[in-house]
Amino acid sequence: EIGVEHANSNNNKPHVLIYVNSTAQDDDYHYVLLEVVGTNTSFDAWCNSGLFTDLGGASPLIDGNTNSTMGEIGGTGNSMISVGAFTSKNNYFDFQGNNHDIPFYANLDEIAPFSSLGPTADGRKKPDITAPGNVIVSSVNSFDGNYHGNSPEVVTNVNDGNIFWWFATMQGTSMSSPMVAGIIALWLEANPNLTPDEIKDFMQDNAITDSYTGGVPNNTWGYGKIDAYETIKAIENSTGIEDHTVLNSFLIYPNPSNGRFTIDVTDQTITDLQIFDISGKMVYHEQIVYSGDSKKMDLSYLKNGVYFLKLSNSKYIRQSKLLINKH
């Protein structure tokens, strides 16, 4: 069955959809030979189910290549972060204590064999970043009968007194993508005002590169392997608050607070108090001289969120973090 769409509304390209039912073949492979002939043009083709193959030696395409495996939907949008997968683990012990080696999933630190390659149909480099995607332990549907104590994929469980909640190994960019989403959520907790473009910039500038990634960006690794820790340090430093060594600690209590709190200091030479919100904007400034070792503050007019306190004199700067949470 062939369906022709002369101009797709998303990209104004002609599309041809070919539906093939090869289940009647009496072998195990169900090969289909597809020939496309054109003049002074090019085309992109994807299998919805199955793979293009060379049939044991012959080139699958007379003119072209099968290196690009990115489709036109999913992770190829201009504003999307496309995530590839690499191998950070290739063995595990199941719930029964049996060791499983998974050599198919490539050597440690190598790109996973199922990780799609760029470029996109319009020539952009993809993916944007990679993350661990092999032998990843995650929660599974505990009401699915396929997951139980004897399942080879299951590694542990949690019993809440009513039901066993199972955790099992999985693989795929379906594992690496939510890992990146969770990491970005932590970055946004550090700075909720980051735009999608700023997130991409921080991610790319702080990605890990090594002998496996080679020069980046490229169509296998994007900008490399995601680095959650180095990136969040860069984000925090970008708020405009410098990182200084704490010479003498000071205490904020209660913390978290409703905006009313006390600062305890051991050095009475502090002369300047500044408070910044998570974006680096100064929300409070006071020139102070302590008559004792504590100062009561009332900032209950500020919104809920994370704030940074900076105490300074002519010799040094000390800083601490405050969480305001008004119920």
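Hi everyone, and thanks for coming. What we have is a predicted model, where local features need pLDDT of at least 70 and side-chain atom pairs count only at pLDDT 80 or more, while totals for chains, interfaces and linings use all residues. Residues are numbered from 1 along each chain as its sequence is written, and side-chain values use heavy atoms, with hydrogens and water left out.

Let me start with the overall picture. The secondary structure comes to 3 helices and 16 strands; these are DSSP runs numbered from the N terminus, helices being H or I with at least four residues and strands E with at least two. Of the 327 residues, 33% are buried. By buried I mean under 20% relative accessible area, with exposed over 50% and partly exposed in between, using a 1.4 Å probe and protein chains only. The protein exposes about 20300 Å², and carbon and sulfur atoms supply 50% of that; the areas come from the Shrake-Rupley method with a 1.4 Å probe, and for residues only the protein chains shown count as cover. Among contacts (heavy atoms within 4.5 Å) with a separation of 6 or more, 61% are between residues 24 or more positions apart.

Now to the helices. How do H1 and H3 pack, in angle and axis distance? Helix H1, residues 173-190, and helix H3, residues 228-237, pack at about 20 degrees with their axes 10 Å apart. That makes H1 roughly parallel to H3, since angles under 35 degrees count as roughly parallel, over 145 as roughly antiparallel, 65 to 115 as roughly perpendicular and the rest as oblique. The axes are lines fitted to C-alpha atoms, for helices over the stretch in contact, and angles run from 0 to 180 degrees between N-to-C directions.

Which residues meet there? From H1 we have Ile183, Leu186, Trp187 and Ala190, and they meet Ala228, Thr231, Ile232, Ile235 and Glu236 of H3. This contact divides into 7 nonpolar residues, 1 polar and 1 charged. Here Ala, Val, Leu, Ile, Met, Phe, Trp, Tyr, Cys and Pro count as nonpolar, Asp, Glu, Lys and Arg as charged, and the others, Gly among them, as polar.

That leaves helix H2, residues 196-205, where Gln204 is found. In H2, the buried residues are Ile199, Lys200, Phe202, Met203 and Gln204. Their cover includes strand E6 (129-132), H1 and H3. Gln204 itself has a relative accessible area of 18%, so it counts as buried. Asp128 is 76 residues from Gln204 in sequence, yet their C-alpha atoms are 7.9 Å apart in space.

Next, the loop between strand E5 (99-101) and E6, where Thr120 is found. Is Thr120 buried or exposed? Thr120 is buried, with a relative accessible area of 7%. Leaving aside residues up to four places away in sequence, Thr120 touches Thr76 and Lys126. Pro119 lies in this loop too, and the peptide bond from Gly118 to Pro119 is cis, with omega near 5 degrees. Another cis peptide bond joins Tyr253 and Pro254, with omega about -10 degrees.

Finally, some backbone angles. Asp109, also in the loop between E5 and E6, has a positive phi near 75 degrees despite not being glycine, and Asp109 is partly exposed at 33% relative accessible area. Val135 has a positive phi as well, near 50 degrees, but Val135 is buried, at 6%. Val135 sits in the loop between E6 and strand E7 (136-139).

Thanks, and I'm happy to chat about any of it.
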